[in-house]
Amino acid sequence: MKALATIRLALMIFTVSSATSSLAAEAWNIPHEKAVVLKGRVVDALCQLKGRCAPDCGAGKRQLGLLLTDGTFRLVAKSNIDFAGSIPDLIGFCGKEIEADGLLIENPAITLFFVQGIRIDAAGPFTPAERFKADWEARNGKAEEWWRADPEANRIIAEDGPLGIKGLLPKPKP
């Protein structure tokens, strides 16, 4: 009977610790990367850097970032979906304080943050930063590689070429 109570207690501790533990950012093996949890307010990057502000952080059409409590601005460059940005994950938090788990890339040329999880309650679990794919699939249907099936990207490539400049083509590989 005592062994059963011990097992129940161990399961309760495991369950509670799993629900409240922090998400450890997955390493991507990018030079200068460091797994961190940043605490700050979600802001419109153009507004923060240049004072050119739009209502609601640009309603999902502008780059977003985090203004940390010490005044440091971190540009949030990417979510956890291949080739996708973080705006769908962050736009609902415009002007609000969050904690973001991810990879801070402090390259000498530029510092970027790649968000992998978001939470508003420090005691709560992180929500994976994967909203882009669900939103994209709701608009376009499922695709093995969304970036190859994206109708807007394919339209732009058809109109302007693969390098984005009409008439400019990549050099053939030897």
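Before I start, one definition: a residue is called exposed when its relative accessible area is over 50%, and buried when that area is under 20%. What you have on screen is a predicted model.

Phe83 has a relative accessible area of 60%, so it counts as exposed. Its place is in the loop between strand 3 and helix 3. Leaving out residues up to four places away in sequence, Phe83 touches Lys78, Trp146 and Trp147. Trp146 is 63 residues from Phe83 along the chain, and the two C-alpha atoms are separated by 9.2 Å. The backbone of Phe83 also deserves a look: phi is positive, about 60 degrees, and the residue is not a glycine. For background, most residues other than glycine have a negative phi.

Asp56 is not a glycine either, and its phi is positive at about 55 degrees. Asp56 sits in the loop between helix 2, residues 45-50, and strand 2. Is Asp56 buried or exposed? With a relative accessible area of 59%, Asp56 is exposed.

Now the chain as a whole. There are 6 helices and 6 strands, and along the sequence they run α-β-α-β-β-α-β-β-β-α-α-α. Of the 174 residues, 30% are buried. The accessible surface is about 11400 Å², and carbon and sulfur atoms account for 59% of that. If you take contacts between residues at least 6 apart in sequence, 57% of them join residues at least 24 apart.

Beyond its neighbours within four places in sequence, Val115 is in contact with a set of residues including Val76, Lys78, Ser79, Ala100 and Ala129.

Ser79 brings us back to the loop between strand 3, residues 73-78, and helix 3. Phe83 is in that loop too. The relative accessible area of Ser79 is 0%, so Ser79 is buried, whereas Phe83 is exposed. What does the side chain of Ser79 reach? It reaches the backbone oxygen of Gly85, at 3.2 Å. Not counting residues up to four places away, Ser79 touches Trp28, Ala84, Gly85, Ser86, Asp89, Val115 and Ala129.

Outside the four places on either side in sequence, Asp44 touches Arg52, Cys53, Ala54, Cys57, Gly58, Arg62, Gln63 and Leu64.

Leu163, Ile165 and Leu168 make a nonpolar surface patch of about 270 Å². Ile165 lies in the segment after helix 6, which spans residues 151-160.

To recap: Phe83 and Ser79 are in the loop between strand 3 and helix 3. Phe83 is exposed and touches Trp146 and Trp147, among others.

Notes. Residues numbered from 1 in each chain as written. Predicted model: local features only at pLDDT ≥ 70, side-chain atom pairs only at ≥ 80, totals over all residues. Heavy atoms only, no water. Contact = heavy atoms within 4.5 Å. Helix = DSSP H or I, 4+ residues; strand = E, 2+ residues; numbered from the N terminus. Buried < 20%, exposed > 50% of the residue type's maximum accessible area, 1.4 Å probe, protein only. Polar contact = N/O pair within 3.5 Å; in protein donor to acceptor, adjacent residues only side chain to side chain. Patch = residues over 30% accessible without salt bridge, like charges linked within 9 Å, V, L, I, M, F, W, Y side chains within 5 Å. Areas by Shrake-Rupley, 256 points an atom, 1.4 Å probe, with all protein chains shown as cover. Salt bridge = Lys/Arg side-chain N within 4 Å of Asp/Glu carboxyl O.
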